[in-house]
Amino acid sequence: MTETLKIEHLTKDFGNLRAIDDVSFSAKQGEIIALLGPNGAGKSTLMNMITGFLAPTSGTISVLGSKITDNSLSAKQSIGFLPEGSPLYPDISVSAFMNYIADLRGLKGEERKQRLEKACGLAQINNVLTQKIETLSKGYRRRVGFAQSILSDPPILLLDEPTDGLDPNQKEHIRRQIAELGKHKTILISTHLLDEAETVCNRILLINHGQIKADGTLTGILNQTNCQTLAEAFKKLTAAEAEHE
């Protein structure tokens, strides 16, 4: 499979706080990767650097073979991003927001119509298209955020807590969509939910204190740590780290 994303020795400092500490990994088409870790582990910071919203302190990020510092616009066009908290424009309708995103993505004519129909259908938001975003529940706002992230059919998707605020049926639906989309894309999912990492993703990056503690399939990580469950493996790795602090 084609390598779509390459991270090399990435570091991010906020004053005296090192949020990301010498992180390196690559990702290929067809991989659904969980960035798994507790709150504050650095997952959102890492995603924001990959999308170009945050500049790294050091290290490089390459998207489809090109460093984002060399061609940031092309890199951003290749990425669909669902950020933490689904920041949306509250005073416009869902339809107006989706059309605004279509404008930003340069979609026109029949392609625009088809992409809008598909994204809204996959996210199951057709029944709220005329509502103002401020009137929506947290779950619907999350689904609108998911719809905008897939609208342009980008080869790379970054989804920060994609099922946050969804009820069990909605979670299952979005997870099925992610699994289907992941057959042809590279998808990074930031999550602290163990079941999401286990059931949706075919690779796990276990992150804590801004560092990758394990990288592999679920089976590989369990074998590496000699554990029976992912919860045990994560606890073992973070406990070992704490002993050395």
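**Terms and their cut-offs**

Student: Why is tyrosine 89 called partly exposed?
Tutor: Tyrosine 89 has a relative accessible area of 42%. Buried means under 20%, exposed means over 50%, and partly exposed is in between (1.4 Å probe, protein chains only). So tyrosine 89 counts as partly exposed.

Student: What should I know about the model itself?
Tutor: This is a predicted model, in which local features need pLDDT of at least 70 and side-chain atom pairs count only at pLDDT 80 or more, while totals for chains, interfaces and linings use all residues. Residues are numbered from 1 along each chain as its sequence is written, and side-chain values use heavy atoms, with hydrogens and water left out.

Student: What makes the nonpolar surface patch with Tyr89?
Tutor: Tyr89, Tyr100 and Leu104 make a patch of about 310 Å². Nonpolar side chains (Val, Leu, Ile, Met, Phe, Trp, Tyr) are joined within 5 Å, like charges within 9 Å. Areas come from the Shrake-Rupley method with a 1.4 Å probe, and for residues only the protein chains shown count as cover.

Student: Where is tyrosine 89?
Tutor: Tyrosine 89 is in the loop between β6 (79–82) and α3 (94–104). Helices (H or I, at least four residues) and strands (E, at least two) are DSSP runs, numbered from the N terminus.

Student: How do you know whether glutamate 31 is buried or exposed?
Tutor: Its relative accessible area is 18%, so glutamate 31 is buried. Glutamate 31 lies in the loop between β2 (17–28) and β3 (32–36).

Student: Which side chain makes a polar contact with the side chain of glutamate 31?
Tutor: That of arginine 203, at 3.1 Å. A polar contact is a pair of N or O atoms within 3.5 Å; within protein, one must be able to donate a hydrogen and the other to accept it, and residues adjacent in sequence count only if both atoms are side-chain atoms. The backbone nitrogen of lysine 28 also lies 2.8 Å from a polar atom of the glutamate 31 side chain.

Student: Why is helix α1 called largely enclosed?
Tutor: Seven of the eight residues of α1 (residues 43–50) are buried, so the rest of the structure largely encloses it. Among them are Leu46, Met47 and Ile50.

Student: What about threonine 51?
Tutor: Threonine 51 is in the loop between α1 and β4 (58–63). At 6% relative accessible area, threonine 51 is buried. Threonine 51 touches Lys76, Ile79, Phe81 and Leu158, not counting residues up to four places away in sequence. Contact means heavy atoms within 4.5 Å.

Student: How do you know that lysine 12 is buried?
Tutor: Lysine 12 has a relative accessible area of 12%, so it is buried. Lysine 12 lies in strand β1 (residues 3–14). Its side chain reaches the backbone oxygen of alanine 55 at 2.7 Å.

Student: What makes a nonpolar core?
Tutor: A nonpolar core is a set of buried Ala, Val, Leu, Ile, Met, Phe, Trp, Tyr and Cys residues joined through side-chain atoms within 4.5 Å. The largest one here has 46 residues; Met98, Ile125, Phe146 and Ile178 have the most contacts inside it. A second, separate core of 25 residues includes Ile61, Phe81, Ile156 and Leu158.

Note on methods: Patch = residues over 30% accessible without salt bridge, like charges linked within 9 Å, V, L, I, M, F, W, Y side chains within 5 Å. Salt bridge = Lys/Arg side-chain N within 4 Å of Asp/Glu carboxyl O.
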